[in-house]
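The structure is shown first, and the points follow by topic.

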Amino acid sequence: MDTAGLYGRLFAAGQQVGPALQGLRAAWRGGDEIYAEVELPDHAVEGLTARAALLESVCHAWRLTDPAGLGGPGTAEPLQPTAWQGVHLWAAGTDPAAGADPADGPRTVRALLSPAGDGAVRVRATDADGTPLLGAERVELRPVTAARLRSAGATAARSLYEVRWERRELPEPAAAVPSFLWDGTRPAAEVEAAVADGARWVLLDAAALLAPGQREPGGAQLPERVREAVTTALARAQEWLASEPLAEARLAVVTRGGVAVADTDTVDLTQAAVRGLLRSAQSEHPDRFLLVDTDGDPAEVSAAVLAAAVAAGEPEVALRGGEAYVPRLALVRPDAGVVSGGGVSWSGVGAVLVTGGTGVVGAAVARHVVVAYGVRDVVLVSRRGGGAPGVAGVVAGLEGLGARVRVVACDVGDRGAVEGLLAGLPEVRGVVHAAGAVDDGVVTGLDEERLGSVLRPKVDGAWHLHEVTRGRGVELFVLFSSAAGVFGSPGQANYAAANVFLDALAVRRRAEGLPAQSLSWGLWEETSELTATLDKAELRRMSAGGILPFTTEEGLALFDRALASGLPHTAPVRLDRARLAGDEQPPALLRGLVRAAPRPATTADSRTLRDRLSALPPAERTEALLETVRAQIAAVLKYEAADRISATRPFTELGFDSLTAVELRNRLARLAGTRLPTTLVFDHPTPEALTGHLLGILLPETAAEEWGKEAVDRLEAMLEDERDAAEVTKVTARLETLLLRWRERSRGLAGAAPGGQAQDTGVDELSSASEEELLRYIDDEIGLS
């Protein structure tokens with residue numbers, strides 16, 4: 001096979017292969033197999049191990065194959081080995097764990113490559129004398145075009161954001177606003193009494209969520225204090241949402257130092273986590289919460305300022321020196337590294353420890369720090385360690401690049417385990433904390449256990465790594481956070497709390513002169529343990545919400561750009577700005593990016609719907625409202641058309657869960673111009689039943705007219721049934737008896753017995769019955785149940 005022109009063709013196609021990797025000397029083809037001879041150039045040992053250069057050149061041989069004949073990826077596309085399975089190393093010179101210097105290994109390799117199916121290749125390699133060196137049953141090769149590589153860099157340039165706090169002039173309140181301070185010790189009944197007396201704002205002091213003796217920052221017990229504060233905040237939020245008397249008031253959760261508005265601000269890690277939890281609660285329950293951070297006494301926060309923030313459509317505000325600031329997402333500037341004092345300068349000396357390193361994202365990052373940053377010693381940490389699925393392929397791939405790899409099973413949520421881990425790794429100079437867990441659920445369905453299971457790997461793990469690595473000369477300390485904390489993703493209040501803690505910890509470390517960067521990741525395209533539970537509908541919802549997934553290449557380019565920015569907190573997220581610009585009311589956080597004017601939630605929508613229904617004949621109102629309900633259901637479930645939705649099919653069968661039920665409730669509440677219960681979908685389990693409920697809210701007179709109509713229509717429809725004479729005679733007798741009893745009860749409405757007491761005819765029983773109860777009554781009476 002012609003190998004002479006391969007590197008020239010690759011260069012012409014946009015991929016430049018340096019001289020250190022141009023080792024392919026000859027290749028022969030025999031059927032589906034490729035025989036290759038690879039020689040290590042003299043340049044290869046400069047900054048690159050011999051084995052890495054040899055294996056890269058072996059992969060070049062596969063580009064000579066005909067994609068139509070062997071299923072290979074073609075000649076003009078770079079190939080990236082993504083997984084190695086069934087790997088065997090026979091020669092000590094190829095195993096860095098055996099203490100050999102890879103530069104002393106063989107400089108000529110002969111390889112046999114054969115297809116392993118689905119674009120993968122099987123590899124057998126020997127030295128020039130035929131001594132086996134390496135075998136791999138399956139090496140998965142991913143084609144990466146030059147355009148795709150350029151695309152990854154372009155995506156990184158427009159997908160890395162930071163949260164900036166901007167000064168905001170708030171409108172003057174029209175009148176004084178009564179408020180009540182809830183310090184956390186007062187029972188909900190006392191708060192309800194204050195609201196009944198006219199308080200429209202309740203201020204919850206977040207600092208009071210902890211016992212007085214537990215409020216000091218720092219120390220080994222901080223994760224426990226975070227857990228206590230977040231658990232108490234959850235309980236307060238659930239009390240607030242469950243209380244009907246509190247429905248007319250808004251809860252302002254007041255933190256002190258929960259955010260860093262300026263670089264000089266000190267962040268309270270516990271209160272930051274509380275803000276993360278409540279940010280998701282806000283998303284699930286609009287108009288019920290406001291997040292406030294102050295540099296003063298929470299008791300002195302003016303309810304008039306809070307009312308002004310709500311009037312301006314701001315769900316979150318920080319008060320500094322009497323001025324109001326609001327968060328806005330903004331693209332990271334190209335010169336951010338210069339402005340911030342420079343990005344990460346990684347020497348490559350020492351080991352890099354990657355928690356969650358056996359997972360999809362952790363393994364990709366581990367490989368990246370080896371390839372892009374010259375790291376030669378990697379420690380992969382996870383709860384299952386060597387028992388994690390696919391770990392052998394991850395290790396083989398890293399070793400194939402010349403790195404020393406150690407896989408360790410360790411629960412980073414256990415401080416003793418982390419101390420033991422690092423005691424045996426004095427050479428660690430870099431940490432990437434990518435471990436995490438999810439347990440999604442709406443805020444009303446969470447409990448202490450579900451909070452703890454998500455907080456532990458993030459909060460406890462990061463804090464233990466922070467404390468145990470102090471004084472060890474760590475140059476790199478990267479925390480993998482999530483955009484769920486930045487946006488307050490609905491259904492992820494526990495996850496948001498954990499990730500906002502990571503963001504705050506990075507800011508705290510930088511203030512203390514320690515290296516730290518927290519990356520609030522958006523959605524990775526490649527399925528991982530954290531995204532494996534997302535079904536197609538959930539992914540469609542995320543896409544419809546303006547969040548797009550990015551490829552592994554794009555994610556790694558964002559990783560590089562985030563480190564180069566030097567900023568303690570960034571958010572690598574692919575936003576669909578065109579989709580967001582089409583929203584009637586984009587999130588306040590995005591107003592600096594999406595210029596659509598926000599439209600405050602008022603009763604205009606409900607008046608419009610009410611007027612539209614009132615203009616229709618009474619007989620057409622129910623059907624018209626049903627069509628509106630079905631359209632909202634289609635929007636929630638991301639159906640292209642509402643006609644796929646049956647009016648009588650239960651919501652559970654339509655695919656609703658607690659999160660989509662909340663979303664539908666929020667949409668319908670806006671249309672109806674009133675608050676609706678969280679259990680709306682479960683209280684009225686079909687679109688038809690829900691329509692009847694909403695009709696009673698919008699047009700109660702129509703609902704009254706409709707009472708009993710369905711029952712009578714059902715009886716009338718029985719006339720069309722073909723039944724034998726005996727059945728008809730039996731039902732006729734029952735109906736005549738039922739009609740007689742109905743007339744007797746109806747007469748009771750017009751008259752009263754002597755003494756002014758209404759006759760005991762059972763009228764109240766029927767007049768107060770629901771439609772469903774009336775149908776059941778008729779069924780019982782005529783023997784159809």
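A polar contact is a pair of N or O atoms within 3.5 Å, one of which must, within protein, be able to donate a hydrogen and the other to accept it. A case in point is S302, which caps the N-terminal end of α8 with a side-chain oxygen 3.1 Å from the backbone nitrogen of A304. The model discussed here is predicted. Across the whole structure, a search finds 29 salt bridges.

- Residues A303, A304, L306, A308 and A309 of α8 are buried.
- The cover over the buried residues of α8 includes strands β8, β9 (201-205), β10 (250-256), β11 (289-294) and β12.
- At the N-terminal end of α8, the cap is provided by S302.
- Following α8 comes G313, which has a positive phi, near 75°.

- E314 and R168 form a salt bridge in which the closest N and O atoms are 3.1 Å apart.
- This pair links distant parts of the chain, the two residues being 146 residues apart: E314 belongs to the loop between α8 (303-311) and β12 (316-320), and R168 to the loop between β7 (160-167) and β8 (179-182).
- E314 counts as buried because its relative accessibility is 2%, under the 20% limit.
- R168 counts as partly exposed, at 26% relative accessibility.

- A salt bridge joins E653 and R649, with 3.5 Å between the closest N and O atoms.
- E653 is partly exposed at 48% relative accessibility, and R649 is partly exposed with a relative accessible area of 38%.
- R667 and E663 meet through their side chains in a salt bridge of 3.9 Å, N to O.
- R667 and E663 lie four residues apart in helix α22 (residues 658-672), so about one helical turn separates them.
- Relative accessibility is 30% for R667, which counts as partly exposed, and 25% for E663, which also counts as partly exposed.

**A buried glutamate without a salt bridge**

- E554 is located in helix α17 (residues 552-565).
- Although E554 is buried, it has no salt bridge; R574, the nearest side chain of opposite charge, is 4.3 Å away.
- The side chain of E554 does reach the backbone nitrogen of T551, at 2.8 Å.

- Strand β15 (residues 377-382) is mostly covered, with six of its six residues buried.
- In a regular strand, side chains alternate between the two faces of the sheet.
- From β15, D377, V379 and V381 point one way and V378, L380 and S382 the other way; all are buried.
- Strand β14 (residues 351-355) pairs with β15 in the parallel sense over four bridges, and V352 stands opposite V378 of β15.
- Between β14 and β15 the chain passes through helix α10 (residues 360-373), and this β-α-β crossover is right-handed.
- Strand β16 (residues 404-409) runs parallel to β15 and is joined to it by six bridges, with R406 in β16 as the bridge partner of V379.
- A right-handed β-α-β unit is made by β15, helix α11 (residues 391-400) and β16.

- T628 is placed in helix α20 (residues 618-637) and is buried, with a relative accessible area of 13%.
- The side chains of T628 and R612 are joined by a polar contact of 3.1 Å.
- With neighbours within four places in sequence left aside, T628 is in contact with L609, R612 and L671.

Conventions:
Residues are numbered from 1 along each chain as its sequence is written. This is a predicted model: local features need pLDDT of at least 70, side-chain atom pairs count only at pLDDT 80 or more; totals for chains, interfaces and linings use all residues. Side-chain values use heavy atoms; hydrogens and water are left out. A salt bridge is a side-chain nitrogen of Lys or Arg within 4 Å of a carboxyl oxygen of Asp or Glu. Buried means under 20% relative accessible area, exposed over 50%, partly exposed in between (1.4 Å probe, protein chains only). Lys and Arg count as positive and Asp and Glu as negative; His and the chain ends are not counted. Two strands pair if DSSP finds at least two bridges between them. A crossover is right-handed if, with the strands pointing away from the viewer, the path from the first strand over the helix to the second runs clockwise. Contact means heavy atoms within 4.5 Å.
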